[in-house]
Amino acid sequence: MAKYPLIKTTLKDRLLGGHYAEGLPLPSEPQLAREFEVSRMTARRAIDELEREGYVYRVQGAGTFPTGKRFRQGMFRVRPFKEWARHPDHRTTVLRAMQIEATPEIAIVLQIQPGDPVIFIHRLRNAGDEALVIEKRYINAALVPSLLDHNLAVESIHETMISMGVPLQRVEQNLEAVNLRQEEAELLRVPLGTAAFLLRRTTYSGQKRASYVNYWVRGDRYAFQDTFEP
């Protein structure tokens, strides 16, 4: 498993937390490679992705600089899967559904040990002939060992987990704009680098992290809407 996702996540947390001063360069790729005990190429890949997502910019001969903090604003809700699946023109394709061993990166996210069993689910949502949403989900398999016995093309994973005796009580989520990488662009059938929404969601059962999911959402086909009391 590549180590660059962990480097990217760590650097993003530092950038959002103001760890790096605006106007001053980040540590160089050789410095990051030494800090994280990886190759320079791995460190560069993490920086490349942060640049594509707008967190940093490069100045030739001077280094890599933070673009400034992103503002965190407001509330937003995402339509439940059961509502999506109810529409006659909507369908969901399960690209992969399998049990894997937790990598160090996933173990950190789910607060389990590397090598512990994790259920990985990769789905694609379509409306008619258009691919709209990619989902990559990681679930602590110890909580729902028989989840893969269900028809995940039509069943809500959230409701299925509840029916299996796993109370899901809290959700943390983050929405940001990104440029699609090759894999996601091909699945959504749009050009490489197309702007999209990336929704990251962590679901808790009590104090335990039960599920972590990334959704890549077509920015030209989706709008997020909410109603609340000011």
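**Labels and their grounds**

Q: Why is Tyr57 called partly exposed?
A: The relative accessibility of Tyr57 is 37%. Buried means under 20% relative accessible area, exposed over 50%, and partly exposed in between (1.4 Å probe, protein chains only). Tyr57 therefore counts as partly exposed. The model is a predicted one, in which local features need pLDDT of at least 70 and side-chain atom pairs count only at pLDDT 80 or more, while totals for chains, interfaces and linings use all residues. Residues are numbered from 1 along each chain as its sequence is written, and side-chain values use heavy atoms, with hydrogens and water left out.

Q: Why is Phe65 called buried?
A: Phe65 has a relative accessibility of 11%, so this residue counts as buried. In the chain, buried residues make up 40% of the 230 residues.

Q: What makes the rings of Tyr57 and Phe65 a stacked pair?
A: Rings of Phe, Tyr and Trp (its six-membered ring) pair if their centres lie within 6.5 Å; planes under 30 degrees apart count as stacked, over 60 as edge-to-face and the rest as tilted. By this rule there are two aromatic pairs. For Tyr57 and Phe65 the centres are 5.7 Å apart and the planes stand at 20 degrees, so the pair is stacked.

Q: What places the charged end of Arg170 over the ring of Tyr204?
A: A charge sits over a ring if NZ of Lys or CZ of Arg is within 6 Å of the ring centre and within 35 degrees of the ring normal. The charged end of Arg170 sits over the Tyr204 ring, 3.9 Å from its centre.

Q: How do you know that the length of helix α3 agrees with its number of residues?
A: Helices (H or I, at least four residues) and strands (E, at least two) are DSSP runs, numbered from the N terminus. The expected span of a helix is 1.5 Å times one less than its number of residues. Helix α3 (residues 40-52) has 13 residues and should span 18 Å; its end C-alpha atoms are 18 Å apart, which agrees.

Q: What is buried in α3, and why are these residues said to line one face?
A: The buried residues of α3 are Ala43, Ala46, Ile47, Glu49 and Leu50. Seen down the axis of α3, they fall within an arc of 160 degrees, so they line one face of the helix. The arc is that of the directions from the helix axis to the C-beta atoms. Contact means heavy atoms within 4.5 Å, and the buried residues of α3 pack against α1 (4-16), α2 (29-36), β1 (56-59) and β2 (63-66).

Q: Why are the buried residues of α1 placed on the same side?
A: Tyr4, Ile7, Lys8, Leu11, Lys12 and Leu15 are the buried residues of α1. They cover an arc of only 130 degrees around the axis, which puts them on the same side of α1.

Q: Which residues touch the most other members of the largest nonpolar core?
A: A nonpolar core is a set of buried Ala, Val, Leu, Ile, Met, Phe, Trp, Tyr and Cys residues joined through side-chain atoms within 4.5 Å. Of the 16 residues in the largest one, Leu11, Leu15 and Leu50 touch the most other members. At least two residues of this core come from each of α1, α2 and α3.

Q: Why is Glu37 called exposed?
A: Glu37 lies in the loop between α2 and α3. Its relative accessibility is 68%, so Glu37 counts as exposed.
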